[in-house]
Amino acid sequence: MRVLVLGGTGWLGRAIVRALLATGADVTCLARGETGTVPDGARLVRADRRAPGAYDDVRGAWDEVVELSWGPDLVGPALDALADDAAHWTLVSSTSVYARNDEPGADENAAVVEPADLTQYADAKVAAERRSVDRLGSRLLVARPGLIVGAGDPSDRFGYWPGRLSRPGPALVPTTAGRTVQVVHVEDLARWVGDAGRAGRTGVVNAVGDVVPMQDFLQLAVEATGFDGELVEVEDDVLLAHDVAYWAGPRSLPLWLPRTDTALMDRSARAFRDAGGRACPLEETLAEVLEDERARGVDRPRRSGLTAAEEAAVLAAVR
C-alpha cells in the first residue's frame, strides 16, 4: 500500500506514520520538516506546500492520502494536485466543527458551523471538509477526532492533571457535577486512520473515546499519581473572577468547559466503534502520560494550565 501523508513530522502525524509503517505500508511524507523529521522507514519529501511546484515530486497514483492540515491555502492546492490520482483520501478534521456543544451524545449528523471566517479554526476545518467532499466524493473519509492525548502531547491539556497531582498540596479544580471528559489516545487514533484507509472506509466519523464523568477522571488521576491532598472545587463564576481561563492556554484549568459547551466532550462514539475504533483504558493513558510528565518535568513551563504560584494565589483568595 502506497501512502502519502501531507505532514508527518508533528506529534499526530508521526504517530500515523508509525502506525502505517507497522502494517508494511510504503509511506512518503510531504512537509517542510521544521517540526522534526519522519519516523525511520518513511521517506520525507521536503517542500513548502505554499510554494509553486510543491507537489511535483509526489504526483502520481496513491492508494491513500492523509491530509493533516486545515488551512485553505494548503488543503485546496493539495486537492487540485493530487485528488484525481488518489484511490482513497483521509482528511483529519475535528469535533470542533460542530455548531452546538450543548447536545450530549450528538452524532455526526449534528449541524456544523458555517465557515464565515476562515481564520477561525472551526470555520477553516468545515471549509476543508466541504472542499474535500466536492473533489473526492465517495473516496473521502473525514475523521473528526475529539481531544487527542498521549505521551508527548504539546498542548499540555490532558497532561496538566497528572502533572499537577504529582505535586503535593491542595489542588484547584472546577466543580465537576455535570461535566465529562472524553479523549482519544493518539496511538489509537493513528492505528484507526491507517486501518480505515486500508479498508477504504468513507463518510464522516467522530474519532472519540468513552465519556467519563469528570469526577471519575480526577479520581483516576489521583490514584495514578498517589496524590493525598485535597481537591478544592470552586464554582465557575469565582474562577472567572480570578482570571482563570477555560479549557486550555496560559492561566487555565485544562478540560474545564463552560456549562453551555460541556457536550464538546460528550460526542457519540458509535460510528467510531462500528468502524473498528478502539480506546485504551483511561487508567493506562493516565499512567503513560504521568511517566511522560515526570520525564519532561512536572514544573516545566506549559502551554496550558496554572503555574504553582498562580494556583496558590487563587486558592488563597477563595478559601
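This is a predicted model: local features need pLDDT of at least 70, side-chain atom pairs count only at pLDDT 80 or more; totals for chains, interfaces and linings use all residues.

Author: Residues are numbered from 1 along each chain as its sequence is written, and side-chain values use heavy atoms, with hydrogens and water left out.

Reader: How are helix α2 and helix α3 oriented to each other, roughly parallel or roughly antiparallel?

Author: Helices here are DSSP runs of H or I with at least four residues, and strands are runs of E with at least two, numbered from the N terminus. The axes, lines fitted to C-alpha atoms over the stretch in contact, with angles from 0 to 180 degrees between N-to-C directions, come within 10 Å for α2 (residues 72–82) and α3 (residues 121–136) and cross at roughly 10 degrees. Angles under 35 degrees count as roughly parallel, over 145 as roughly antiparallel, 65 to 115 as roughly perpendicular and the rest as oblique. The two helices are therefore roughly parallel.

Reader: Which residue meets Arg49 in a salt bridge?

Author: A salt bridge is a side-chain nitrogen of Lys or Arg within 4 Å of a carboxyl oxygen of Asp or Glu. Arg49 lies in the loop between β3 (43–46) and β4 (64–67), and its partner lies in strand β4, so the pair ties together parts 18 residues apart in sequence. Arg49 counts as buried at 9% relative accessibility, where buried means under 20% relative accessible area, exposed over 50% and partly exposed in between, with a 1.4 Å probe and protein chains only. The side chain that meets Arg49, at 2.6 Å from N to O, is that of Glu67.
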